[in-house]
Amino acid sequence: MPKLFLLVYSFSRSSATMSNSQEIANSITLKGSAKIIHDYMLYSVNSILFQRGIYPAGQFRPEEYNNVPVMVLQNRNVAPFITKTMEQVEKWIKEQKVEKVTLMIYSLETKEAIERWDFNIEAEYDDASNATSYKLISKIQAEIRAVMRQILSTISFLPCIEQVCTFDLIIQLNNNANVNEEQIMSEFQRENKENIEVKDAQTMSLKIFSTGVNNVGTQVYYKVTQ
């Protein structure tokens with residue numbers, strides 16, 4: 001059974017301005033941005049677990065996300081864990097607490113980290129109370145589709161995983177995150193940054209998508225087989 005870990009590090013924000021000539025379709029609030037990111041990470045994690053063969057193909061079923069076919073895990077023990085984790089991430093994005101979410105794949109036998117997927121979440125606002133975007137939904141969806149297709153195509157260059165592996169999810173909070181330590185630690189395990197490093201890793205950065213309120217950059221760190 002995978003575990004959920006918590007990291008707390010420094011966090012920096014960048015501001016973004018919107019041109020007066022930008023086309024206005026409908027506004028996206030911080031709440032809406034968090035939901036968009038939630039959906040992206042939920043389907044991304046499921047797709048990665050399928051692509052990397054962490055669970056048998058028979059435990060997945062096909063779905064469509066943003067006009068992209070994806071495989072979603074149906075394992076009764078693991079699927080609820082992923083869903084619950086992403087719900088917590090969505091809540092903390094709305095509360096400006098999350099800096100990064102990491103999917104760590106490691107050998108079940110040796111416990112060695114062999115692959116890491118980072119979802120870096122950055123704010124594009126200075127004041128959360130005025131965090132509103134007028135970016136067209138169609139543009140956001142197009143950006144997300146481009147990233148999802150990159151994730152699906154990684155099977156062409158990532159080394160085959162020959163050993164039996166499992167995964168953990170790690171939520172990295174910023175220094176300003178005010179959480180109930182007793183309550184959170186009943187569900188999370190605290191982790192050190194050194195324990196999630198992939199030794200001698202190659203890195204691939206995927207495209208960044210932006211909701212106009214937050215942007216999300218995805219990176220994969222992987223070991224090259226000798």
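At 1% relative accessibility, Asp118 counts as buried, where buried means under 20% relative accessible area, exposed over 50%, and partly exposed in between, with a 1.4 Å probe and protein chains only. Good morning, and thank you for coming. This is a predicted model, in which local features need pLDDT of at least 70 and side-chain atom pairs count only at pLDDT 80 or more, while totals for chains, interfaces and linings use all residues. Residues are numbered from 1 along each chain as its sequence is written, and side-chain values use heavy atoms, with hydrogens and water left out.

Let us stay with Asp118. The residue lies in strand S6; helices (H or I, at least four residues) and strands (E, at least two) are DSSP runs, numbered from the N terminus. Which side chains make polar contacts with that of Asp118? One is Thr102, at 2.7 Å, and another is Arg116, at 2.8 Å. A polar contact is a pair of N or O atoms within 3.5 Å; within protein, one must be able to donate a hydrogen and the other to accept it, and residues adjacent in sequence count only if both atoms are side-chain atoms. Leaving aside neighbours within four places in sequence, Asp118 is in contact (heavy atoms within 4.5 Å) with residues including Lys100, Val101, Gly217 and Tyr221.

I turn to the strand itself. S6 covers residues 113-123, and ten of its eleven residues are buried. It pairs with strand S5, residues 98-107, in the antiparallel sense over seven bridges; two strands pair if DSSP finds at least two bridges between them. Within that pairing, Ile105 stands opposite Glu115. The hairpin of S5 and S6 has five residues between the strands, and there Lys111 takes a positive phi near 65°. S6 is also joined to strand S11, residues 214-223, by nine bridges, and these two strands run antiparallel. Ile121 has Val216 in S11 as its bridge partner.

Is Lys207 buried or partly exposed? At 47% relative accessibility, Lys207 counts as partly exposed. Not counting residues up to four places away in sequence, Lys207 touches Val216 and Thr218, as well as Ala146, Val147 and Gln150. Lys207 and Ile151 are 56 residues apart in sequence, yet 9.9 Å apart in space, C-alpha to C-alpha.

Ile151 belongs to the buried residues of helix H3, among them Ile140, Ile144, Val147 and Met148. An α-helix has 3.6 residues a turn, so residues three or four places apart point the same way. H3, residues 137-153, has 17 residues and reaches 24 Å from its first C-alpha to its last, close to the 24 Å expected; the expected span is 1.5 Å times one less than the number of residues.

Next, the nonpolar cores. A nonpolar core is a set of buried Ala, Val, Leu, Ile, Met, Phe, Trp, Tyr and Cys residues joined through side-chain atoms within 4.5 Å. The largest has 50 residues, and those with the most contacts inside it are Tyr40, Leu49, Ile82, Trp117 and Phe167. Helix H1, residues 30-51, gives the largest share of this core, ten residues. Apart from it lies another core, of seven residues, including Met104 and Ile196.

Finally, the cysteines. How many disulfides does a search of the whole structure find? It finds zero, a disulfide being a pair of cysteine sulfur atoms within 2.5 Å. Cys160 is exposed, at 59% relative accessible area, whereas Cys165 is buried, at 9%. Thank you.
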